Amino acid sequence: MHGNLINAAVIGYVVATGLALAYLVQRQDLVHRLAVLATLAGWAAHSVVLIARAIELGAPPLGSLPDAISVAVWVIVLVEVLIERRTGLRVLGAFVLPIVVVLSLKAATPRAVTLAPALASVWIWIHIALALIGIAAFVFNFAGALMYLLQEHQLKAKRPGAFYYRLPALETLDHLTFRTLALGFPFLTTGLVLGALWARTAWGSPFTFDPLAFLSFLAWLIYAGTLAGRAAGGWHGRRAAYCSIIGFAMLVLTLGAGLFLPGRHGS
Amino acid sequence: MPLFVAGLSHKNAGVELREQLAVEEDKLREVLADLQAAAVLREVVVVSTCNRVEVYGVAEAPGEARALVFRHLCRQRGVDLAQVEGALYTHLDGDAVRHAFRVAASLDSMMIGEPQILGQVKDAFALAQACETVGPQLHSLFSQAFNVAKRVRTETEIARHAVSVSFAAVELAKKIFAGLSGRAVLLVGAGKMSELAAKHLVEQGAFPIYVANRTWSRAQDLARALSGTPVQWEELETALASVDIVVTSTGATQPVITRPTVERIMHGRRGRPLFFIDIAVPRDVEPGVDRLDDVYRYDIDDLKQVVDSNLRERAREAQRAEALVEREVGKFLLRQGDVEVIPTIVSLRARLEEIRLAEVKRTLGRLPDASPEQRAAIEAMSTAIINKILHAPITKLRESSRAGASRSLLELVHELFGLGRRG
C-alpha cells in the first residue's frame with residue numbers, strides 16, 4: 001500500500017506539473033483548477049505516505065536524506081498552493097512543481113527502516129528541520145529569480161511573448177526573491193551551525209570532511225554574499241537573480257552529493 | 001414565436017450609410033411606439049450605435065416585420081430604402097441568438113473586445129423596456145446575452161491588453177513597477193500623446209507629476225493641466241534622478257537624454273528602475289541606454305510592436321470567447337426549445353387521451369360482460385397504442401426544437417391534430 005501511495009503522490013505531482021505548464025501556455029481557468037486539484041491529490045497521498053512512514057519508524061521521517069527530502073517536498077507543495085491562493089500568482093506552479101517532481105522522484109526510492117545511530121540527539125532533529133525549511137524557502141527563491149530573469153528579458157527585448165503576459169511585475173518578483181532569501185537564510189545558517197556543533201560532539205571536529213556538509217557550506221557562502229550584497233551594496237534585480245540561481249544549483253549539488261556520495265548524510 | 005434580428009453594421013455597410021440610419025434616443029422612443037402600434041411585431045428592441053443599427057424582434061412573420069421596420073426607419077431618417085436593403089442581414093432563431101450574444105460580448109465589434117458595446121446594448125434594452133416593447137422572449141434573450149458578455153469578459157482576456165499606444169505604455173509600466181500609485185512621472189516636452197499617456201498614468205495613481213519644457217510658460221501650462229509641478233529645463237537631470245517614469249515628446253532633432261546622463265543618475269538610484277516612454281520622432285532618449293541595468297526604454301515603434309502583439313493576444317482570446325458563446329447558444333436554445341414545444345406536447349397528449357377515453361368507454365359499453373381483467377387489458381392496450389404513436393413525434397419535436405427549427409413542425413402538429421392556435 002505504501003509503495004502504491006508513493007506512486008500516487010508522484011503521479012499527482014507529475015500530472016500537476018504538466019497542467020501547470022499547460023496553463024502557462026493556455027491560460028484557461030479550467031486547466032489551472034485541474035492543476036491545483038492534481039497538486040492537492042498528490043499532496044494528500046503524500047501526507048498519508050509520511051504518516052505511514054512515521055509510524056513505521058516510530059519517529060519523524062527525517063532520519064535519512066531521502067526521507068527528509070520527502071518532507072521538504074511536502075512542505076514546498078503546501079506553501080506553493082498557499083502562496084498561489086494568497087497572492088494570485090497562478091503561474092508559480094509552473095516554476096515550482098517541476099522541482100517538486102525531480103525531488104520527489106528521488107524521495108520515492110525505497111529505503112531502510114533503521115535510523116542512523118548518530119540520530120540520537122534532539123539537536124540533530126532540529127538541525128534537519130531547520131535545514132529543510134531553508135531549502136524550501138530557496139526553492140521559491142529560485143523560482144522567483146527565474147521568473148524575474150524571464151520577465152526582464154522580455155521587457156528588454158521589447159517583444160512581448162507568453163511570459164510578458166503571464167508573469168507579474170519585475171518589482172514584485174524582485175521582492176519575492178529578496179523575501180525568500182531573507183527567510184531561508186537564517187534557517188539554513190542555524191541548521192548548518194547546529195550540524196557543525198553536532199559533528200564536533202559526535203566526531204570530535206566540526207569540519208570533518210563530508211561532501212554534503214562541504215557543498216552546503218559553499219551554497220551558504222553564495223547566499224550570504226547575495227544577502228550582504230542586497231543589504232549593503234544595493235544589489236537587486238538581475239545580479240541578485242543570477243546569484244539565487246547559482247546558490248540553488250549549489251544546493252541541488254549538495255542534495256545530490258548527500259544522496260549519491262558516501263558520507264555521514266548518506267542514506 | 002420566431003425570433004429575428006435584422007440590421008446593418010460596420011461589417012457590411014459604410015460609415016456614410018450607418019450614420020444616416022442611426023437613430024438617437026428620443027427619436028428611438030417614437031420609432032418603438034410606432035412599431036408597436038403597427039402590431040406586426042410582438043416584441044422589439046432597436047440597437048443603434050455608430051457601428052450598427054439592428055432590430056431584434058419577435059414576430060409571426062419575420063420577413064414582413066423586417067420590411068416594416070426598415071421602411072419606417074428609412075422614412076424617418078430620409079434614407080433611400082433600396083440602398084439600405086442591399087446592406088441588410090437577417091438572422092433567425094438560433095442564428096439570431098448567436099448574433100445577439102456575439103454583439104453583446106463585443107465579438108462582432110470593429111475593435112474586438114471594446115467595452116462600450118455592452119453598455120450600448122443594455123441602454124437599448126432598457127429603453128425598449130421603458131417603452132414596453134419587450135416581452136418574455138426578448139427579455140430572456142437579452143438577460144442571457146448580458147450574462148454571456150460578462151462571462152466572456154471575466155473568463156477570457158479579450159479586453160485585457162491595451163490596443164492603444166498610450167495604454168500599452170501604462171501596461172508596460174505595470175510590468176516593471178508593482179503598482180503605479182505613488183510613482184513619480186516626468187514629462188519632457190509637451191505633445192498631445194505624452195499628455196494622454198500622463199493622464200492614464202495619473203488615473204492609475206502615479207504621483208507627483210513634473211513637467212519640463214524648454215519654454216517655461218508651456219511647462220507651467222501643462223503642469224497646471226495635470227496638477228503637476230513645472231521644472232526648469234536646466235534642472236532636467238536632477239528631476240530625472242528622482243522620478244520613476246519619464247515620458248518624452250520634444251521636437252528636438254538630437255536626443256535630449258543621453259546615455260552618459262542616464263548612467264550618471266542610475267548610480268544614485270540604488271537599483272530603482274527607470275522607465276522611458278519616448279513618443280518623440282526623432283527620438284529624445286538615446287537608444288544606447290537600453291544596455292544599462294534597470295533602464296527600460298520604449299520608443300514609438302516599440303510601443304506599436306507591443307500593441308500588435310496585444311492585438312494578436314486578443315485574437316487568440318476571441319477564439320476562446322467564440323467557443324464559449326457557441327456553448328451558451330446551445331444551452332439557451334435547449335432551454336428555449338423545451339419551453340417552446342412543451343405546451344404542444346401537453347395538448348397533443350391531452351387530445352389523444354381524450355379520444356382514447358371516449359373510445360374505451362364506447363367499447364366497454366358494448367361489452368357489459370367483460371371481466372375486470374379484460375377491462376384492464378383494454379385500458380392498457382389503448383394507452384400503449386397512444387404512447388407508441390406519440391413516441392416518434394415527441395422525440396422529433398424535442399430534437400427539432402433543440403436544433404432551433406421546431407416552428408414549422410409545431411404548426412404542422414397543431415394543424416394535423418386540430419389543437420387550436422398557438423400562443
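Helices (H or I, at least four residues) and strands (E, at least two) are DSSP runs, numbered from the N terminus. The model on screen is predicted: local features need pLDDT of at least 70 and side-chain atom pairs count only at pLDDT 80 or more, while totals for chains, interfaces and linings use all residues. Residues are numbered from 1 along each chain as its sequence is written, and chains are lettered from A and ligands numbered from 1 in the order in which they are written.

**Chain B as a whole**

Select chain B. Its secondary structure comes to 15 helices and 10 strands. The C-alpha trace spans about 120 × 55 × 30 Å along its principal axes. Of the 423 residues, 39% count as buried. A residue is buried if 20 or more other C-beta atoms lie within 10 Å of its own, exposed if 12 or fewer, and partly exposed in between, with C-beta atoms placed from the backbone.

**Helix α5 of chain B**

Select residues 93-104 of chain B. The end C-alpha atoms of this helix are 17 Å apart, which agrees with the 16 Å that its 12 residues should span at 1.5 Å a residue (the expected span is 1.5 Å times one less than the number of residues). Because 10 of the 12 residues are buried, α5(B) is largely enclosed by the rest of the structure. Its buried residues pack against β1 (3-9), β3 (52-59), β4 (89-92), α6 (116-130), α7 (136-155) and α13 (300-366) of chain B. Contact here means that the C-beta atoms of two residues, placed from the backbone, lie within 7 Å.

B:Asp93 is found in this helix and has a positive phi near 45°. It counts as buried, with 21 C-beta neighbours inside 10 Å. Just after α5(B), B:Ser106 takes a positive phi of about 65°.

Go to B:Thr344 in helix α13. B:Thr344 is buried, with 22 other C-beta atoms within 10 Å. Its C-alpha atom is separated by 8.2 Å from that of B:Leu419, 75 residues apart along the chain.

Next, select B:Pro208, in the loop between α9 (192-203) and β6 (209-212). A cis peptide bond joins it to B:Phe207, with omega about -10°. B:Pro282, in the loop between β9 (274-278) and β10 (295-299), is joined to B:Val281 by a cis peptide bond with omega about -5°. Most residues other than glycine have a negative phi, and most peptide bonds are trans.

B:Ser227 lies in the loop between α10 (216-225) and β7 (229-231). Its phi is positive, about 50°, and B:Ser227 is exposed, with 10 other C-beta atoms within 10 Å.

**Chain A and its contacts**

Select chain A with chain B. The contact takes 18 residues from chain A and 20 residues from chain B. On chain A, α5 (122-157), α6 (162-166), α7 (170-203) and α9 (237-260) each supply at least two residues of the side that touches chain B.

Now color chain A by domain: domain 1 (1-108) and domain 2 (116-267), with bounds from an automatic or database domain assignment. Their contact takes 23 residues from domain 1 and 22 residues from domain 2. On the domain 1 side, α3(A) gives the most, with nine residues.
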